[in-house]
Amino acid sequence: MKAKTSVYLDPEQAGRLKEAAEKTGRSEADLIREGIDLVLLRAHSARRTRPWPSFDSGDPEFAANSEDALGEAYGE
């Protein structure tokens, strides 16, 4: 048995969903279920592989120079 739920979409989302359903020949409900599966997969993967927040400093030498950067941040 499938659980029923309601989702409120803004007009742009509703329009884009309808277009995607028409373009792919799939139902809107099927696309929504796929989207939910992707979000759940991403959330599960993020929990397992990245327990700490991360960022891209843009500096490939950031890790090697992190002690210098921290010293500057704390006035040392």
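This report describes the fold, confidence, salt bridges and surface of one predicted protein model.

The model is predicted, and local features are taken at pLDDT of at least 70, side-chain atom pairs count only at pLDDT 80 or more, and totals for chains, interfaces and linings use all residues. Residues are numbered from 1 along each chain as its sequence is written, and side-chain values use heavy atoms, with hydrogens and water left out.

**Fold and confidence**

The secondary structure consists of three helices and zero strands, in the order α-α-α from the N terminus. Helices (H or I, at least four residues) and strands (E, at least two) are DSSP runs, numbered from the N terminus. The mean pLDDT, the predictor's confidence in each residue on a scale from 0 to 100, is 84, and 83% of the residues reach 70 or more. Confidence is highest in H1, at a mean of 97, and lowest in helix H3 (residues 66–73), at 73. Where pLDDT is low, the predicted coordinates should not be read in detail.

An unreviewed UniProt entry carries the annotation "domain: Predicted DNA-binding protein ribbon-helix-helix" for residues 1–40. UniProt positions follow the numbering used here, feature names are shortened, and annotations may be inferred rather than shown by experiment. In the model, residues 1–40 are 68% helix and 0% strand, with the end C-alpha atoms 20 Å apart.

**Salt bridges**

The structure holds three salt bridges, each defined as a side-chain nitrogen of Lys or Arg within 4 Å of a carboxyl oxygen of Asp or Glu.

| Salt bridge | N to O distance |
|---|---|
| Arg-16 and Glu-12 | 3.8 Å |
| Asp-30 and Arg-26 | 2.9 Å |
| Glu-34 and Arg-26 | 2.6 Å |

Arg-16 and Glu-12 both belong to helix H1 (residues 11–24), where they are four residues apart, about one turn of the helix. Both Arg-16 and Glu-12 are exposed; the classes are buried at under 20% relative accessible area, exposed at over 50%, and partly exposed in between (1.4 Å probe, protein chains only).

Asp-30 is partly exposed, at a relative accessible area of 29%. Glu-34 is also partly exposed, at 32%, as is Arg-26, at 31%. Salt bridges with shared partners join Arg-26, Asp-30 and Glu-34 into one network.

**Surface**

The accessible surface of the protein is about 7400 Å², and carbon and sulfur atoms account for 55% of this area. Such areas come from the Shrake-Rupley method with a 1.4 Å probe, and for residues only the protein chains shown count as cover. Of the 76 residues, 5% are buried.

Ile-32, Ile-36 and Leu-40 form a nonpolar surface patch with about 250 Å² of accessible area together. Patches are made of residues with over 30% relative accessible area and no salt bridge; like charges are joined within 9 Å and nonpolar side chains (Val, Leu, Ile, Met, Phe, Trp, Tyr) within 5 Å.
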